[in-house]
Amino acid sequence: MSLVEEVQPRRLPVGSVGHHATGWWAMLCGIVTEGALFGYLLFSYYYSAMQPHTELWPPELPHLSLALPNTIVLLVSSGAIWFGERGAKRGNASEELLGTAAAIILGIIFVTVQFFEWHNKPFSIQSSAYGSLYFTITGFHMAHVMVGLLILLAILIWCWRGYFGPHRHAYVSIAAIYWHFIDIVWLAVFFTIYVTPYLTGRS
Amino acid sequence: MTEIEYDRVPKVAEASGRPELSARLRSFWESKPGLYGWLATVDHKTLGIRYIVTAFVFLGLGGIEALIMRIQLAQPNEHVLTPEEYNQLFTMHGITMILWYALPILTGFSVYLQPLLLGCRDMALPRLNAFTYWVFLFSGIFLYTSFLIGAAPDAGWFNYVPLASIEQDPGPNIDFYAMANIFLGISTTLGGVNFIVTILRFRAPGMSINRLPIMSWGTLTISVASVLSIPAVSLAFFLLWMDRHFGTHFFDPATGGQPLLWQHLFWLWGHPWVYIIVLPALSMVSQALPVCCRRPLVGYSLVALATVLTMVLGFGVWLHHMFATGLPTMALAFFSAVSLVIAIPSAVSLFAWLATIWTGRPDFTTAFYFFAGFIIVFVIGGVSGFMTASVPVDWQLTDTYFVVAHIHYVLIGWNLFAVLGALYHWFPKMSGRMLDETLGKISFWFVFIGFNVGFFPMHISGLLGMPRRIYTYSPEMGWSTLNLITSIGSFVLAIGLLITLVNVVRSLRVGRIAGPNPWDADTLEWSTSSPPPPYNFAVIPTVASRSPLWEARLGEPQRSQPERGFVLDHGKETLGTTMLDAVPDVIVKMPEDSLVPLLLSLALAALFTTMMLEAWWWLAASAIAILVITVAWLWPRQSLGEIEGSTP
Ligand code: HEM
């Protein structure tokens with residue numbers, strides 16, 4: 001049936017609509033390339049960890065007291081933006097605003113806690129290969145969170161101006177999927193840096 | 001306030017005999033004359049030609065660097081160049097050719113041809129298309145400013161640490177390469193995204209994935225590969241820059257860093273890249289050669305599959321560049337095997353071309369000459385590559401002129417020959433005029449003979465032990481005659497290229513008028529005028545086979561309808577279709593011309609320049625400029641169908 005013998009006139013959506021939108025597809029491709037970037041970052045970490053080195057790897061077992069709750073904060077923010085997106089699709093402006101604003105606030109909390117976490121580390125980006133990798137990988141993630149926050153802020157302003165609704169909410173979906181992506185990447189980073197040393201011990 | 005249009009039933013009509021439709025479409029699609037239109041255009045045809053011209057300029061620059069090297073090496077103990085100058089020249093030659101010529105030239109053909117092959121009116125993301133062109137151009141200019149201050153990159157195109165570390169190479173040379181590479185990577189990655197979305201979502205109705213033109217298979221495959229692999233090299237250069245200026249220890253063994261990490265990251269990108277810069281060229285041959293042979297390509301599905309498979313395997317062979325670094329034997333055996341296996345899909349394409357020629361009735365045009373020359377060189381390059389895939393042979397030959405010969409057989413043979421053939425084939429579509437066949441054939445013979453005379457003897461000098469990247473040699477080594485022959489061949493090749501350049505310039509003014517389909521070819525780009533109107537197709541064509549213009553001739557009923565389809569004329573519009581079956585899915589509103597892509601790429605150029613100069617305040621200013629311009633670019637607009645509800 002898929003063979004188009006003759007184009008039949010039929011009703012088609014016009015413009016940038018949900019998952020029909022070109023921007024949605026472009027964002028999916030963007031996520032693939034960003035995912036690859038983090039893949040190569042983590043590859044560098046594992047590769048360096050497995051080679052023989054003179055100092056202990058990692059210099060100290062990473063503390064989970066800040067990192068674990070912070071991970072949960074980020075996961076909850078994913079739920080918040082999902083709620084906001086659902087609001088946009090249903091044409092419910094207050095749900096839309098509430099979800100987006102909550103995601104932004106949780107994101108800011110994550111960034112703040114992460115700064116404390118960095119501050120508490122006994123090593124620096126210059127002190128060893130481990131330090132360089134630790135700060136570069138978490139730094140790349142942090143940069144992505146910041147960009148994500150700017151995107152969500154733009155979405156918040158646009159929502160507030162009443163741009164989106166049941167017919168057209170591609171922008172919200174695109175921003176939301178990016179935010180989910182940043183959260184999933186954090187899980188990979190968290191597992192690599194915070195969990196694997198407990199599984200394998202320091203070497 | 002006018003009613004917002006959320007959906008519509010598009011009219012279906014014939015294209016011909018509707019001057020009022022053409023005039024209306026032209027008013028939406030045509031760029032304004034004058035400077036503004038020139039800088040702001042987002043038309044894929046203009047941008048494609050710009051890509052092609054710019055890439056040929058880089059070929060010229062890289063070629064001049066090569067010829068200077070060949071003058072230096074023509075005789076033993078020459079003093080045209082100092083050792084440092086030689087280092088900068090071979091490094092810049094390699095970088096220019098591999099990064100600023102080889103892919104951009106193919107991108108240029110794809111940017112021009114893909115929307116026409118697919119039957120749509122522009123690339124999926126027209127402003128992004130303009131942006132990636134400008135970034136390509138500015139990154140190249142950025143790289144070449146290094147010559148002006150006499151500090152061009154000088155550690156070879158693969159830039160190994162520790163040679164490229166701050167201790168060994170304290171000048172700005174390596175930083176130019178690092179910044180320019182990351183800068184260009186932005187263009188290539190986003191260009192890949194644009195191709196993926198275009199090919200998956202913007203095909204004419206009925207062009208299901210098994211009817212995709214074979215050239216689109218090549219572009220689609222390498223676009224996916226670019227998106228996956230470029231982050232590796234951008235990251236490698238970023239980490240190197242951190243090591244050089246911020247005291248990190250990624251590659252420094254004294255503090256737990258890993259020099260081999262550089263090689264891994266580099267070849268994780270570098271080997272796929274070698275396939276990325278040849279596969280689209282092969283697929284252009286698969287697209288155009290059958291037209292010369294008056295029959296469809298033999299084994300379409302196998303060739304498409306071979307293209308994808310080569311790319312997949314290409315990701316598995318990065319380690320074969322590191323056979324000489326002392327890896328575990330198991331790894332050596334595995335990667336050696338993969339490197340041998342990769343020869344199989346290449347052989348599939350080869351036999352498909354041979355069978356197409358054998359069972360067709362070839363027209364001996366210049367394009368056909370270049371494709372035939374390409375096939376011969378393809379075999380020689382393939383065999384020498386196959387040889388170095390074997391570990392013991394590689395240990396013997398690594399870093400000799402045998403490798404230099406192999407690189408050039410692959411890159412000139414598989415890329416440049418195919419590109420020249422494609423130029424003779426598609427120039428009439430782009431310009432509306434034919435290239436001169438006599439000059440074309442003279443050019444071919446110069447290129448073919450010059451190339452083989454220039455590069456075949458390098459295999460022998462390599463076997464005789466001549467190392468690559470030496471700036472001179474002594475007469476006792478017994479390499480003098482071979483090197484003289486090589487240098488003479490290089491100049492003959494260069495003359496051949498100049499003849500084609502003369503041909504292009506001449507034909508633009510006096511060439512014979514081409515008409516829509518001078519080669520009597522089978523795909524959609526030949527169903528519209530030459531050059532095509534700004535909107536490509538007055539109505540969106542409908543496709544029912546792989547050769548929509550040849551159905552009657554192939555003894556099938558004519559079911560494709562290049563001249564009848566949806567009339568999309570409520571503004572700048574084209575059709576989006578579903579990913580596999582190409583069923584009409586959405587009417588897409590396309591953006592008009594805009595200066596924003598140019599401004600954003602200028603701001604990016606400022607960002608990279610300030611990073612080079614370590615001028616942090618200016619860097620912050622550039623970052624803010626980028627932010628503001630991006631918001632302006634993406635601000636949702638009613639005219640693009642991005643918002644609903646009330647807007648002031
Ligand atoms: C006019 C044609 C050309 C001539 C005469 C030429 C000549 C040379 C020479 C003399 C070298 C330096 C060998 C050494 O000292 O190790 C070289 C290296 C190289 N060439 Fe070419 N070349 C030509 C075209 C190309 C093209 C079209 C490409 C790629 C698309 C290319 C890619 C390379 C690469 C990648 C290297 C290695 C650079 C390095 O060692 O870092 N060349 N070529």
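**Reading the interface, the ligand shell and the backbone**

Guide: Between chain A and chain B an area of about 5700 Å² is buried, and carbon and sulfur atoms give 65% of that area; buried area here is the accessible area (1.4 Å probe) that two parts lose on being put together, summed over both. This is a predicted model, in which local features need pLDDT of at least 70 and side-chain atom pairs count only at pLDDT 80 or more, while totals for chains, interfaces and linings use all residues. Residues are numbered from 1 along each chain as its sequence is written, chains are lettered from A and ligands numbered from 1 in the order in which they are written, and side-chain values use heavy atoms, with hydrogens and water left out.

Visitor: How many residues does each chain bring to the contact?

Guide: Contact means heavy atoms within 4.5 Å, and by that rule chain A brings 53 residues and chain B brings 74 residues.

Visitor: Which strands pair between the two chains?

Guide: Strands (E, at least two residues) and helices (H or I, at least four) are DSSP runs, numbered from the N terminus, and two strands pair if DSSP finds at least two bridges between them. S1(A) pairs with strand S1 (residues 7-8) of chain B in the antiparallel sense over two bridges, and A:Leu12 has B:Arg8 as its bridge partner in S1(B).

Visitor: What surrounds the ligand?

Guide: A residue counts as near a molecule if one of its heavy atoms lies within 4 Å of it. The shell holds 21 residues, and the closest are B:Tyr86, B:His93, B:His408, B:Arg468 and B:Arg469. The side chain of B:Tyr86 places an N or O atom 2.6 Å from an oxygen atom of the ligand, B:His93 has a polar side-chain atom 2.8 Å from a ligand nitrogen atom, and for B:Tyr401 the distance to a ligand oxygen atom is 3.3 Å. H4(B) gives the largest share of the shell, six residues.

Visitor: Where does the backbone have cis peptide bonds or a positive phi?

Guide: Most residues other than glycine have a negative phi, and most peptide bonds are trans. In chain A, the bond from A:Trp57 to A:Pro58 is cis, with omega near -10 degrees, and A:Pro58 lies in the loop between H1 and helix H2 (67-90). In chain B, a cis bond joins B:Ser530 and B:Pro531, with omega about -15 degrees, and B:Pro531 is found in the loop between H17 and strand S3 (540-542). B:Asn536, a residue other than glycine, has a positive phi near 65 degrees, and its place is in the loop between H17 and S3 of chain B.

Key
A polar contact is a pair of N or O atoms within 3.5 Å; within protein, one must be able to donate a hydrogen and the other to accept it, and residues adjacent in sequence count only if both atoms are side-chain atoms.
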